[in-house]
Amino acid sequence: MNAFAPDSLVLNRRLPLWYQVSQSLRASILGRRQDAPLRLPTEEDLAQHYGVSVLTMRQALKELETEGLISRHRRRGTFIEPAALRGAPVKLLGSVDAIVAQQSGERTTILAHGPAALPPEVTECFPDLTEAVFFRRLRHDESGEPTNWAENHVRPELAARIDLADLERWPMTKVLRDVLGVRISRITDTVEARLAAPDTARLLQVPLLSPILHYTGVTYDETGRAVDVVRIHYRGDRFSFTVTMEAP
């Protein structure tokens with residue numbers, strides 16, 4: 001039986017290795033094709049793939065097992081749970097792979113895209129531009145219920161290289177980094193509570209003025225230039241955010 005092939009990972013030595021590996025593998029699992037094998041490589045092969053120890057790999061797998069994404073069977077191996085719940089709480093610990101994992105695994109519909117003038121709240125991120133290309137997407141869970149909708153504003157020269165089929169499968173962060181080759185230096189996040197405006201209430205199928213979580217993420221390349229600004233509206237009854245601060 002062929003084994004599932006996870007994505008690669010560039011490790012950040014300032015963050016726990018097991019956490020980075022678990023988030024990278026989680027994103028690979030949730031973003032997999034439907035016909036991908038369910039069996040994972042052995043612990044030893046995964047450890048070699050990520051460049052970590054077997055103990056570190058074992059801790060990462062235990063995290064995914066606790067979440068219900070995988071099951072481990074003595075003498076048979078480790079397998080992806082095809083019906084695993086994908087609406088787990090968002091956990092941010094400061095890595096790009098955490099952002100990718102946060103936004104992976106849900107069915108995505110492209111609602112609209114194209115060049116447009118920058119909204120006032122986005123202009124300060126792109127001081128050299130008057131317009132960017134927007135991508136508006138609606139995400140659903142496995143039952144088809146809408147969970148959040150997102151609007152990305154991307155630099156035109158990068159947007160021209162984006163395949164919409166990739167955005168239906170993967171988060172924008174992963175497309176920019178792994179498909180377009182953008183060297184991401186950092187992502188700044190802002191999360192605030194808001195009330196659902198008419199458009200959000202309609203898209204998410206919730207009553208007008210329902211509580212939602214409004215997330216803004218600004219992605220910067222290695223030159224310090226903003227390449228993508230995303231605003232995501234999460235249903236307040238489906239998501240929570242946990243931020244862990246590591247002591248130096």
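## Core contacts, a loop leucine and a ring pair

Me: Which residues is I162 in contact with, leaving aside its neighbours within four places in sequence?
Reply: In this predicted model, whose residues are numbered from 1 along each chain as its sequence is written, side-chain values use heavy atoms, with hydrogens and water left out. Local features need pLDDT of at least 70 and side-chain atom pairs count only at pLDDT 80 or more, whereas totals for chains, interfaces and linings use all residues. With contact meaning heavy atoms within 4.5 Å, the partners of I162 are F135, V154, L167, M172, V175 and L180.

Me: Which element gives the most to the largest nonpolar core?
Reply: That core (buried Ala, Val, Leu, Ile, Met, Phe, Trp, Tyr and Cys joined through side-chain atoms within 4.5 Å) has 24 residues, and F135 and I162 have the most contacts inside it. Among the elements (DSSP runs numbered from the N terminus, helices H or I of at least four residues, strands E of at least two) that give two or more residues are β5 (131-140), α8 (172-179) and β9 (226-235). The most, four residues, come from β9.

Me: Is L209 buried or exposed?
Reply: L209 lies in the loop between α9 (198-204) and β8. Buried means under 20% relative accessible area, exposed over 50%, and partly exposed in between (1.4 Å probe, protein chains only). Because its relative accessible area is 54%, L209 is exposed.

Me: Are the rings of W18 and Y19 stacked or edge-to-face?
Reply: Rings of Phe, Tyr and Trp (its six-membered ring) pair if their centres lie within 6.5 Å, planes under 30 degrees apart being stacked, over 60 edge-to-face and the rest tilted. W18 is partly exposed at 26%, whereas Y19 is buried at 7%. Their centres are 6.0 Å apart and their planes at 90°, so the pair is edge-to-face.
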